[in-house]
Every structure is written in C-alpha cells, then in structure tokens.
Amino acid sequence: MNVAVSIFQMVWMSFVQLVYLLGVLIACGLLLGYLEKLSNWLLVRAFGRKGVMLTAWLGTPVHELGHLLMCFLWGHRVTRVKLLQLNSPDGVLGYVEHEYNRNSLYQRVGNFFIGVGPLFSGIAALLLGMYYLVPQSFTAFQTEVQQLLITGNVSFNGWTITTGAALVIGKSFFTMENIIRPSFWLFLLAAISISSHIALSREDMRNSANGLAAIFFILFLFNVVAKFFGIPSEQVIGKIAEYNAYVFAFATVALFFSLLTLCLAFFFYQINAFRRRRSNRWE
C-alpha cells in the first residue's frame with residue numbers, strides 16, 4: 001500500500017513539475033494560436049484568402065524554419081521541406097517532414113521542441129528585427145526586462161513582467177521619431193507578418209504531445225532516483241523553472257504584436273463591413 005502511495009505521489013509530482021517547467025510556454029502558444037486564428041478570420045472576411053497570403057510571404061517561412069532548426073538540434077532526419085507554397089490545393093502554406101528513432105529518448109523529447117519551434121523562431125525574428133530596425137525600442141525593452149528580473153520574483157512574477165514589458169514596448173515603439181523612419185514601417189510590416197503565423201497548427205500540437213510524454217517519463221525517473229538518494233527534487237526543478245521569467249518576457253514581444261495585428265485586422269474588417277452596408281443601401 002505504501003509503495004502504491006509513493007508511486008502515485010511521484011506521478012503527481014512529475015505532472016506538477018511538467019506543468020511548472022513547460023506550462024508557461026504551452027499557455028503562450030495556445031494564446032498566440034487563439035489570437036492568430038481570430039486575426040486571420042477577420043482578414044479573410046475583409047480581404048478574402050489573399051488577406052492571409054499578404055502576411056504568409058514572411059510569416060510562414062519563419063514558422064517552418066522554427067521546425068527545421070529544431071529538427072537539426074534534436075537529431076531528427078529531415079525528409080521534405082517547403083518553407084512557402086501559395087498555391088497548395090489543401091491550403092497548407094508550408095511544412096517540414098521528418099523522421100526519428102523511436103528508441104531514442106533524446107529524439108522523442110525533441111518532438112516537443114520541434115512542435116513548438118515556431119514560437120522560438122518567431123520571437124527570435126521579432127527581437128532581431130527590433131534590434132536592427134527599431135533599436136531604441138529594443139534597448140528600452142531590454143532595460144525594462146533586466147530591471148524586472150532583478151527586482152521581481154522570477155518564478156511567480158510573470159504578470160508584472162508581461163505587463164511591464166508590454167507597456168515599455170508600446171511607449172517606445174509608437175513615437176514620432178520612429179514613425180518618420182522607413183525602418184519602423186518595414187519592421188511593422190515584418191512583425192505583423194511573423195505574428196500572424198507564429199502560432200502552432202494542430203499537427204504541431206500533436207507532435208508536441210508525443211514529446212511531452214517522453215519528458216514526463218524523464219521527470220518520473222528523476223523523482224524516483226531523487227527519492228532513493230534523498231535529493232530534494234522540488235528545489236532542483238524549482239531552480240530550473242526560474243527560466244519561466246524569461247519566457248514571460250520574450251513572449252510579451254510576440255503577444256504585443258499579435259494583439260496589434262488583431263486590432264488592425266478588426267479595423268480593416270470594420271471598414272469592409274461599412275462599405276458593404278453602404279453598397280447595400282444604394283442597391
């Protein structure tokens with residue numbers, strides 16, 4: 001009976017640790033997915049399918065590059081790659097097909113990171129664009145995040161980090177100095193395109209789920225070994241999970257521009273709806 005209770009406790013602890021380690025990343029992916037789906041729905045209603053195509057030229061290759069780079073990192077064999085296809089009969093804008101050794105725990109864990117790869121590539125592309133095209137905004141964002149990480153509780157102060165970083169991006173981004181610069185508009189176009197395709201598809205989520213099972217298995221083994229040797233596994237995982245503060249901070253960039261894209265999509269949707277109503281009056 002005691003053995004069964006101990007096993008249940010370790011299973012539950014492994015589940016909690018899994019949520020603690022990857023929950024923020026998964027939650028950000030789901031939220032970005034919802035914002036992207038809503039934005040694309042509005043764009044399609046406003047411009048037709050070409051509304052999505054207008055952002056696919058950059059957003060889709062950045063999305064697929066996230067999968068591709070993670071495939072290389074986790075040792076998967078890439079069989080086929082299409083960074084962008086605009087005339088696919090099934091509507092698929094891009095894909096990365098890969099194979100892996102199912103007996104390799106490392107490669108099975110890699111399924112999770114390959115699935116969420118577009119989050120990493122999308123956020124990295126946005127930060128890189130800010131760094132080169134709107135450097136003052138990047139510097140303000142970097143300074144704010146550093147201050148928040150120093151003064152805040154890095155494990156649980158995600159809301160403060162997210163709101164603080166978002167406010168700084170907004171204040172430093174929409175300035176007269178930026179607006180008169182061509183580089184600002186170039187970055188704005190790129191940011192909208194990237195954030196419109198940063199979210200995960202159903203296939204991405206399914207692939208990530210396979211990796212999650214392998215990660216859960218590793219955590220369970222770690223807890224078994226930790227209990228046997230008297231290692232405080234909660235403290236070890238808690239220390240590792242402090243990286244969540246950085247996830248909150250960097251995800252703020254993607255969330256900010258995804259919300260901006262949603263606002264612009266809603267604006268164009270309303271203009272199109274107004275034109276239709278006005279046209280119907282004259283008929």
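Q: How do you know that the distance between the end C-alpha atoms of H4 agrees with the span its residues should have?
A: In this predicted model, H4 has 17 residues, which at 1.5 Å a residue should span 24 Å. The end C-alpha atoms of H4 are 24 Å apart, so the two values agree.

Q: Which residues of H3 and H4 meet, and how many are nonpolar, polar or charged?
A: Phe 113, Ile 114 and Gly 115 of H3 meet Gly 117, Pro 118 and Phe 120 of H4. The contact has 4 nonpolar, 2 polar and no charged residues. Gly 117 and Pro 118 are also among the buried residues of H4.

Q: Why is the pair of Phe 184 and Trp 185 called edge-to-face?
A: The count comes to 17 aromatic pairs. In the pair of Phe 184 and Trp 185, the ring centres are 5.1 Å apart and the planes are at 85°. Centres within 6.5 Å make a pair, and planes over 60 degrees apart count as edge-to-face; the pair is therefore edge-to-face. Both residues belong to one aromatic cluster, which also includes Phe 173 and Phe 257.

Q: Why is Phe 184 called buried, and Trp 185 partly exposed?
A: Phe 184 has a relative accessible area of 1%, under the 20% limit for buried. Trp 185, at 47%, lies between that limit and the 50% limit for exposed, so Trp 185 is partly exposed.

Terms used:
Residues are numbered from 1 along each chain as its sequence is written. This is a predicted model: local features need pLDDT of at least 70, side-chain atom pairs count only at pLDDT 80 or more; totals for chains, interfaces and linings use all residues. Side-chain values use heavy atoms; hydrogens and water are left out. Rings of Phe, Tyr and Trp (its six-membered ring) pair if their centres lie within 6.5 Å; planes under 30 degrees apart count as stacked, over 60 as edge-to-face and the rest as tilted. Buried means under 20% relative accessible area, exposed over 50%, partly exposed in between (1.4 Å probe, protein chains only). Contact means heavy atoms within 4.5 Å. Helices (H or I, at least four residues) and strands (E, at least two) are DSSP runs, numbered from the N terminus. Ala, Val, Leu, Ile, Met, Phe, Trp, Tyr, Cys and Pro count as nonpolar, Asp, Glu, Lys and Arg as charged, and the others, Gly among them, as polar. The expected span of a helix is 1.5 Å times one less than its number of residues.
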